[in-house]
Amino acid sequence: QVQLVESGGGSVQAGGSLRLSCGVSGLTSGTYYMAWFRQIPEKEREGVAIINRDGVSTDYNNSVKGRFTISRDNAENTLHLQMSSLKPEDTAMYYCAAGDLYSWLPRAYNYWGQGTQVTVSS
């Protein structure tokens with residue numbers, strides 16, 4: 001059974017930092033692509049950052065470039081998102097996802113975590 005479990009969300013003031021983690025079980029480490037998405041109520045899920053299987057290639061939503069860093073530890077089967085210089089508009093539920101494609105499309109990902117809330121106050 002595949003499970004993705006996010007942690008590290010919380011409330012922070014603008015300009016602050018948070019580090020999200022996503023533990024993966026049930027998938028062979030290094031064999032799948034991963035991503036972070038976020039969603040606010042009544043809006044579509046938005047890709048934040050994507051990473052390839054060995055962690056060498058990454059890409060970012062323009063709104064987070066230079067502030068967020070995606071990384072993965074295949075030895076620990078874990079995905080991370082280091083978020084700095086947070087802004088109120090970063091407030092959302094953040095989801096990690098795993099799949100067979102290096103893609104910005106949510107439908108490209110087969111497995112999803114339950115989400116972790118990030119709230120940034122001004």
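Which residue's side chain does the side chain of His80 join through a polar contact? The partner is Arg19, with the two side chains joined at 3.4 Å, where a polar contact is a pair of N or O atoms within 3.5 Å; within protein, one must be able to donate a hydrogen and the other to accept it, and residues adjacent in sequence count only if both atoms are side-chain atoms.

The model is predicted, so local features need pLDDT of at least 70 and side-chain atom pairs count only at pLDDT 80 or more, while totals for chains, interfaces and linings use all residues. Residues are numbered from 1 along each chain as its sequence is written, and side-chain values use heavy atoms, with hydrogens and water left out.

**His80 and its sheet**

His80 lies in strand β8, residues 78-83; strands (E, at least two residues) and helices (H or I, at least four) are DSSP runs, numbered from the N terminus. An open sheet of four strands runs in the order β1-β3-β8-β7 with antiparallel pairing, and its edge strands, β1 (3-7) and β7 (68-73), each pair on one side only. Two strands pair if DSSP finds at least two bridges between them, and β7 and β8 are joined in the antiparallel sense by six bridges. Within this arrangement Ser71 stands opposite His80, and the C-alpha atoms of His80 and Ile70, ten residues apart along the chain, are separated by 5.7 Å. Contacts (heavy atoms within 4.5 Å) of His80, not counting residues up to four places away in sequence, include Trp36, Thr69 and Leu20.

**Arg67**

Arg67 sits in the loop between β6 (58-60) and β7. The side chain of Arg67 reaches the backbone oxygen of Ser85 at 2.9 Å and makes a polar contact of 2.8 Å with the side chain of Asp90.

**The disulfide**

A search of the whole structure finds one disulfide, defined as a pair of cysteine sulfur atoms within 2.5 Å. Cys22 is joined to Cys96 with an S to S distance of 2.0 Å, and the pair links distant parts of the chain, Cys22 in strand β3 (residues 18-25) and Cys96 in strand β9 (residues 92-99), 74 residues apart. Because the torsion about the S-S bond of Cys22 and Cys96 is about 55°, the disulfide is right-handed.

**Burial**

Buried means under 20% relative accessible area, exposed over 50%, and partly exposed in between (1.4 Å probe, protein chains only).

| Residue | Relative accessibility | Class |
|---|---|---|
| His80 | 13% | buried |
| Arg67 | 11% | buried |
| Cys22 | 0% | buried |
| Cys96 | 0% | buried |
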